Amino acid sequence: MECTPSFLIDSARSEGRSKLLEHESFCLCEHYGIPVPRYGVARSSEEAVRIAKKIGFPVVLKVISPDVVHKSDVGGVILDVRSPEEVREKYSALMRNVTLRAPGARVYGVLVQEMVPRGLEVIVGATRDPYFGPVVMFGLGGVFVEVLKDVSFRVAPLTPIDAGEMVREVKGYRLFEAFRGEAPRDRKAVEEIILRVSELIEDLDEVSEVDLNPVIVFEEGLGAKVADARFMLR
């Protein structure tokens with residue numbers, strides 16, 4: 001598979017899809033220099049084992065299907081898989097779950113991806129406002145974005161100053177600093193991801209929404225990594 005925007009977008013449209021699949025989303029992130037976990041696409045349990053060994057344990061298994069919107073709801077995501085034997089067992093369990101809970105759903109394979117270590121969870125997104133055009137969003141990720149709505153917005157294109165302001169504007173900014181024995185978080189790495197998303201939404205007129213959630217932020221100097229990515233096309 002080519003990791004170029006035109007190839008990924010054309011592939012989705014040729015199949016009548018308005019959403020990039022999981023591996024396509026990571027592929028597009030990589031094209032724009034946005035850090036993602038190591039990953040591969042398996043179409044059998046043995047292929048999943050080979051990919052997991054290459055990545056290193058533990059890994060995450062995610063179903064790849066254009067017909068499953070919420071993968072966790074149908075048992076299509078299995079975390080913290082720690083051995084080749086467990087990969088075989090969980091791969092079969094995942095396929096069984098999806099067949100039972102989403103009968104008729106097309107399944108293109110299983111994404112085998114690195115289990116991203118724990119860290120501060122944030123969200124970076126983008127959308128197209130009817131008045132302002134491309135808009136980039138940043139906030140605390142996971143449940144915080146839904147409950148607290150602690151987010152900031154800027155109209156693209158962004159400058160490094162804009163990205164820095166967006167991070168400092170959220171109420172939870174203190175979590176990036178040394179706090180109760182925790183080391184400070186890699187704020188610069190997050191700002192770089194915000195700038196890359198700004199560039200992407202400016203470049204790709206076909207993309208209507210970007211949702212990188214969660215982005216896991218590690219200790220200062222260790223970077224950040226996108227654990228889950230979603231791109232919608234218009």
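**View 1. Cys3 and Cys27 are joined by a disulfide, with sulfur atoms 1.7 Å apart.** A disulfide here is a pair of cysteine sulfur atoms within 2.5 Å, and by this rule the count comes to one. The link of Cys3 and Cys27 is left-handed, with -115 degrees about the S-S bond. Cys3 sits in the segment before helix 1 (5-14) and Cys27 in helix 2 (residues 22-31), so the bond ties together parts that are 24 residues apart in sequence. Helices (H or I, at least four residues) and strands (E, at least two) are DSSP runs, numbered from the N terminus. A word on what you are viewing: this is a predicted model, in which local features need pLDDT of at least 70 and side-chain atom pairs count only at pLDDT 80 or more, while totals for chains, interfaces and linings use all residues. Residues are numbered from 1 along each chain as its sequence is written, and side-chain values use heavy atoms, leaving out hydrogens and water.

**View 2. Here are the cysteines again, this time with their accessibility.** Buried means under 20% relative accessible area, exposed over 50%, and partly exposed in between (1.4 Å probe, protein chains only). Cys3 is partly exposed at 29%, whereas Cys27 is buried at 1%. Cys29 is buried too, at 0%.

**View 3. Four strands form an open sheet in the order 1-4-2-3, with antiparallel pairing.** Strand 1 (39-42) and strand 3 (77-81) are the edge strands, each pairing on one side only. From one strand to the next, the twist averages 20 degrees. Two strands pair if DSSP finds at least two bridges between them; strand 2 (residues 59-64) and strand 3 have three, in the antiparallel sense. Look for Lys62, whose bridge partner in strand 3 is Val77.

**View 4. Helix 3 (residues 45-55) and helix 4 (residues 84-101) pack on the sheet.** Contact means heavy atoms within 4.5 Å. Helix 3 touches strand 1, strand 2 and strand 4 (109-114), and its direction makes about 170 degrees with that of strand 1. Helix 4 touches strand 1, strand 2, strand 3 and strand 4, and its direction makes about 30 degrees with that of strand 2. Axes are lines fitted to C-alpha atoms, for helices over the stretch in contact, and angles run from 0 to 180 degrees between N-to-C directions.

**View 5. Gly109 lies in strand 4.** Gly109 is buried, at 4% relative accessibility. Not counting residues up to four places away in sequence, Gly109 touches Ala42, Arg43, Lys62, Val63 and Ile64.
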